[in-house]
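Try each task yourself before you read the solution.

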There are 2 protein chains.
Amino acid sequence: MTYREQYEADKAMVEEALKGAFRDRAPRGDIYDAMNYSLLAGGKRLRPILTLETCRLCGGDPMAVMPFACAVEMIHTYSLIHDDLPCMDDDDLRRGRPTNHKVYGEATAVLAGDGLLNAAFETALAGRAGLEPERVLEALDVLARAAGADGMVGGQTLDMAGEGRALNQADVEELQRLKTGALIAAAAEMGCILAGGGAEERKAVRRYASRLGLAFQIRDDMLDVTGDAALLGKPTGSDARGEKTTFVTLKGLDGCAALVEKLTGEAAAALEGFAHPEFLISLARSLAGRMN
Amino acid sequence: MTYREQYEADKAMVEEALKGAFRDRAPRGDIYDAMNYSLLAGGKRLRPILTLETCRLCGGDPMAVMPFACAVEMIHTYSLIHDDLPCMDDDDLRRGRPTNHKVYGEATAVLAGDGLLNAAFETALAGRAGLEPERVLEALDVLARAAGADGMVGGQTLDMAGEGRALNQADVEELQRLKTGALIAAAAEMGCILAGGGAEERKAVRRYASRLGLAFQIRDDMLDVTGDAALLGKPTGSDARGEKTTFVTLKGLDGCAALVEKLTGEAAAALEGFAHPEFLISLARSLAGRMN
């Protein structure tokens, strides 16, 4: 299978699992509609694919960790819903569709986000049969720390506080490490943990994912300047309008391109010790050149 | 020790543990200040005390389950922060102090709620050393299901949808079972699970907690009509202003008092098989007559 075929096969399995996540739940007002609206809105599914593929990398069965892959995507989705709220970034459009609060109202959007964050833990716990309890606990621990105030929530707090203020490169790297890097690293590390990966394997996977995550964010900042709004499914230029300090304002477009190249090389090098790192190396290279 | 002394001793231990929950975290903007502002605002600490005392009831060491007791209180606190938001109940006062968003702004209040929900899982997972992994997973499973869209989040969704509409008693009972009952039942069941309680003990503890939780909510509705705003730390009459159907509008004050009495008797009866149910029975009786 080519890299692209493998990616599409993984993505299709993730979509199928996400579609079934709340299938057996009785309706509670419109909460599950609102949760599914954002969860099933497409997207790259990068984080769950990382969980599946680092599990495979470390000798595990990707299907066995699908509930944890879905859990990461639920946390990612909840963060988008809350970030889009009027009191945060006040965005009307996400992945080419009206944002959650535009469709369901602010109250339901807050609750849909809460519901998805919580559902991440519900889903992983409900899907733990057949996995080593200690590994499950360790994976949940990694996930919870990455998503919380010392991770994604803290990163969003710094992002809100930083708008309109000048930040230096260290500030921006720290902000992005928390806001997007931590969850991407956790997605990758969880697959490795659940497959029974040892300390060295975990360290290598974390190194890979941290470089990939930072390159991903730098590419995001570049696309906000040079990207095609139709391809991206959201307006470009939002960073400039919000007077945000980004990697582009700090390093320029050429500096960013060089940095993405360097980080992608480091990500690939981190996986040298594994027998079959091909897919994950191709993934890093593909993300470095992505147009959306 | 008298019931009151035991309650105060438990409460003091819970306060101490909550104060230390984020002590070793580096600041991330004002997120930890905002989280602590609501978490350390006092309150009865009913839910964590239930976890400690059902653990003791089933032969466990209450101190060993303190991280899980704190986790429940974090979830309870996050739900109050989000419920108070302008897009939800739009409340300015909580426990006699300005609500979180009044002090920190809406964006930080949303994030503080997110941070506390997530911190519940972080805290329980970080405090799992020395406990049986399978019991920890089972307790987390119970907690996550109670807090999610089939529990508290679903209850708040129904509550928002029900304002200004006529509900019957079954609707109100279902709403309250989800919104407040589920988390109270989970708090109690977790202590029993972590202490190694068997299926029969878990069933009895759930029965106790479900009766206590419903009585608690009915008493809450009564106090919104008859209570003293200064004692309650919040304005009374909010249900009437919000045109909410409550147990008082359905059954009248006398009917509610009789129902609280009946449920409290059932709660006490559920614990008959245990050697030392005295504290938990006194707790149910005390809550039935509470003035705040």
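This is a predicted model: local features need pLDDT of at least 70, side-chain atom pairs count only at pLDDT 80 or more; totals for chains, interfaces and linings use all residues.

**Exercise 1. The build of one chain**

Find how many helices and strands chain A has, and work out whether the chain is as compact as a globular protein of its length.

*Solution.* Start with the elements: chain A contains 14 helices and 2 strands. Next, take its radius of gyration, which is 18 Å; the globule rule gives 19 Å for 292 residues, and the two values are close, so chain A is as compact as a globular protein of that length. Along the principal axes, the C-alpha atoms fill a box of roughly 50 × 50 × 35 Å. Then look inside: 54% of the 292 residues in chain A are buried. Finally, consider the contacts in chain A with a separation of 6 or more: 73% of them link residues 24 or more positions apart.

**Exercise 2. One leucine in its surroundings**

Decide whether L280(B) is buried or exposed, and list its contacts beyond its neighbours in sequence.

*Solution.* First locate the residue: L280(B) sits in helix α14 of chain B, which covers residues 278-288. Now count neighbours. The cut-off for a buried residue is 20 or more other C-beta atoms within 10 Å. L280(B) has 26 C-beta neighbours inside 10 Å, so it counts as buried. Setting aside neighbours within four places in sequence, L280(B) is in contact with E53(B), L57(B), Y208(B) and L271(B). For another view across the chain, take K44(B): it is 236 residues from L280(B) in sequence, and their C-alpha atoms are 15 Å apart.

**Exercise 3. Where the two chains meet**

Describe the side of chain B that touches chain A, naming the elements that give two or more residues to it.

*Solution.* Begin with the count: 43 residues of chain B are in contact with 43 residues of chain A. The elements giving two or more residues to this side of chain B are α2, α6, α7 and α8. The largest share comes from α6(B), with 13 residues. Sorted by class, this side of chain B has 24 nonpolar, 9 polar and 10 charged residues.

**Exercise 4. How the copies are related**

*Solution.* A turn of 180 degrees with a shift of 0.0 Å along the axis does it, with an RMSD of 0.0 Å. The two copies are thus related as by a two-fold rotation axis. Of the residues of chain B, P133(B) comes closest to that axis, its C-alpha lying at 3.0 Å.

Conventions: Residues are numbered from 1 along each chain as its sequence is written. Chains are lettered from A and ligands numbered from 1 in the order in which they are written. Two residues are in contact if their C-beta atoms, placed from the backbone, lie within 7 Å. Helices (H or I, at least four residues) and strands (E, at least two) are DSSP runs, numbered from the N terminus. Ala, Val, Leu, Ile, Met, Phe, Trp, Tyr, Cys and Pro count as nonpolar, Asp, Glu, Lys and Arg as charged, and the others, Gly among them, as polar. The radius of gyration is taken over C-alpha atoms; the globule rule is 2.2 Å times the number of residues to the power 0.38. A residue is buried if 20 or more other C-beta atoms lie within 10 Å of its own, exposed if 12 or fewer, and partly exposed in between; C-beta atoms are placed from the backbone. Copies are superposed by least squares on the C-alpha atoms of residues with pLDDT of at least 70 in both.
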